[in-house]
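This report describes a ligand site, a sheet and some backbone details. The sequence and structure come first.

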Amino acid sequence: MRITVTGGAGFIGSHTVTLLLEAGHEVLILDSFANAAEDVPDRVAGIAGRHAEVFRADITDPATYNSALADFRPEAVVHFAGLKAVGEAMENPLEYIRVNVGGSVALFQEMAKIGCNRLVFSSSATVYGDPVAVPIDEDHPLRPTNPYGRSKRMVEEVIEDWGRANPALSAINLRYFNPVGAHPSARIGEAPDGVPNNLMPFVAQVAQGVRERLSVFGDDYDTPDGTGVRDYIHVMDLAEAHLAALDLTGAGPGVEALNLGTGQGYSVFEMLRAFEAASDREIPFVITSRRPGDVATSLADPTRAADRMGWRATRDLEDMCRDAWAWQRGRNR
Ligand code: UD1
């Protein structure tokens with residue numbers, strides 16, 4: 001198939017492009033490289049043994065990429081491109097609306113012009129907001145608690161409206177829980193700019209000695225060991241889910257949302273210990289106050305993704321830590 005991947009040089013995008021190329025698809029990456037290294041497409045080609053086409057463009061500026069898209073004639077689009085830092089979104093909500101919502105609408109208009117009706121959208125479990133019950137299934141109330149989450153939900157709503165107006169549209173909103181890990185080759189992985197916001201990349205940097213110690217954001221949550229519990233999912237499992245979702249968009253029109261998680265939760269302390277084991281290093285930590293906006297437990301019910309796509313996460317916490325550590329060590333040597 002001919003597939004355009006926006007944000008294809010980013011963390012989840014690059015892993016997905018690798019698998020698409022390995023599966024024999026023709027891929028056009030549309031990426032601004034605002035938050036991705038220039039050499040990612042070459043690294044991906046090094047793994048897959050084939051190249052994706054790469055077009056540098058910002059999704060908010062369709063005049064710069066409409067001809068490239070029309071020339072490529074994608075049968076489907078996987079849309080990752082967007083901004084994703086919660087704190088930044090709270091400081092600059094308008095920018096998150098402009099890029100995440102405006103950019104998506106611009107992209108969808110270009111898809112509509114060329115008659116491309118198959119879409120896989122990179123959404124987030126953050127659209128659920130504070131869980132009223134766990135595990136969280138797709139019928140859980142949608143009440144995002146910050147502008148980043150709202151921007152993701154707005155795009156889902158745009159897609160739902162587009163589907164009501166265009167009966168040929170086949171779109172899947174994939175709601176990721178906590179993506180971690182890296183490609184087992186250690187040639188691609190997560191490369192956060194500056195101080196990582198998320199637990200796993202921070203822990204990896206402490207293990208390597210780039211940062212002194214981890215701050216554990218609260219040990220007084222209502223969880224078995226008092227620290228926050230999350231549904232961490234290996235990025236390779238996520239990437240595989242995108243291929244399954246693309247297949248499902250070929251089965252017929254409609255718009256639906258699917259959770260991508262393992263259904264298994266781990267606490268901050270469990271993550272810490274698993275990473276110590278994987279890296280064979282001690283990871284110093286200090287308990288600090290809770291991070292505003294954090295919840296005690298977030299956990300997916302991944303049943304619907306299994307029913308609809310025959311997809312299940314197969315990698316465990318040990319795989320996640322081993323691959324994240326191999327990638328981290330290779331980066332700053
Ligand atoms: C965060 C985002 C969420 C986004 C997700 C992507 C917030 C409030 N939420 O989720 O919107 O979709 O990342 O993966 O930013 N922790 C520490 N010390 C740290 C970092 C994290 O103790 O230095 C703890 C947190 O309190 C939490 C767990 O580790 O219990 C996971 O945190 P994180 O990786 O930031 O993910 P989320 O908060 O689940």
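Helices (H or I, at least four residues) and strands (E, at least two) are DSSP runs, numbered from the N terminus. This is a predicted model, in which local features need pLDDT of at least 70, side-chain atom pairs count only at pLDDT 80 or more, and totals for chains, interfaces and linings use all residues. Residues are numbered from 1 along each chain as its sequence is written, and side-chain values use heavy atoms, with hydrogens and water left out.

An open sheet is formed by seven strands in the order 3-2-1-4-5-6-11, with parallel pairing; two strands pair if DSSP finds at least two bridges between them. Strand 3 (53-56) and strand 11 (254-260) are the edge strands, each pairing on one side only. From one strand to the next the twist averages 20°.

Within this sheet, four bridges link strand 1 (residues 2-6) to strand 4 (residues 76-79) in the parallel sense. Val5 has Val78 of strand 4 opposite.

Helix 5 (residues 93-113) lies across strand 1, strand 4 and strand 5 (118-124), at about 175° to strand 4. Contact here means heavy atoms within 4.5 Å. Axes are lines fitted to C-alpha atoms, for helices over the stretch in contact, and angles run from 0 to 180 degrees between N-to-C directions.

**Ligand site**

| Residue | Protein atom | Ligand atom | Distance |
|---|---|---|---|
| Thr126 | polar side-chain atom | oxygen | 3.4 Å |
| Leu199 | polar backbone atom | oxygen | 2.8 Å |
| Arg230 | side-chain N or O atom | oxygen | 2.5 Å |

On its own the ligand has 730 Å² of accessible area (Shrake-Rupley method, 1.4 Å probe), and the protein covers 86% of that area.

**Backbone details**

Most residues other than glycine have a negative phi, and most peptide bonds are trans. Phe33, not a glycine, has a positive phi of about 60°; Phe33 is in the loop between strand 2 (26-31) and helix 2 (40-48). The peptide bond joining Val134 and Pro135 is cis, with omega about -5°, and Pro135 lies in the loop between strand 5 and helix 6 (147-165).

Technical notes
A polar contact is a pair of N or O atoms within 3.5 Å; within protein, one must be able to donate a hydrogen and the other to accept it, and residues adjacent in sequence count only if both atoms are side-chain atoms.
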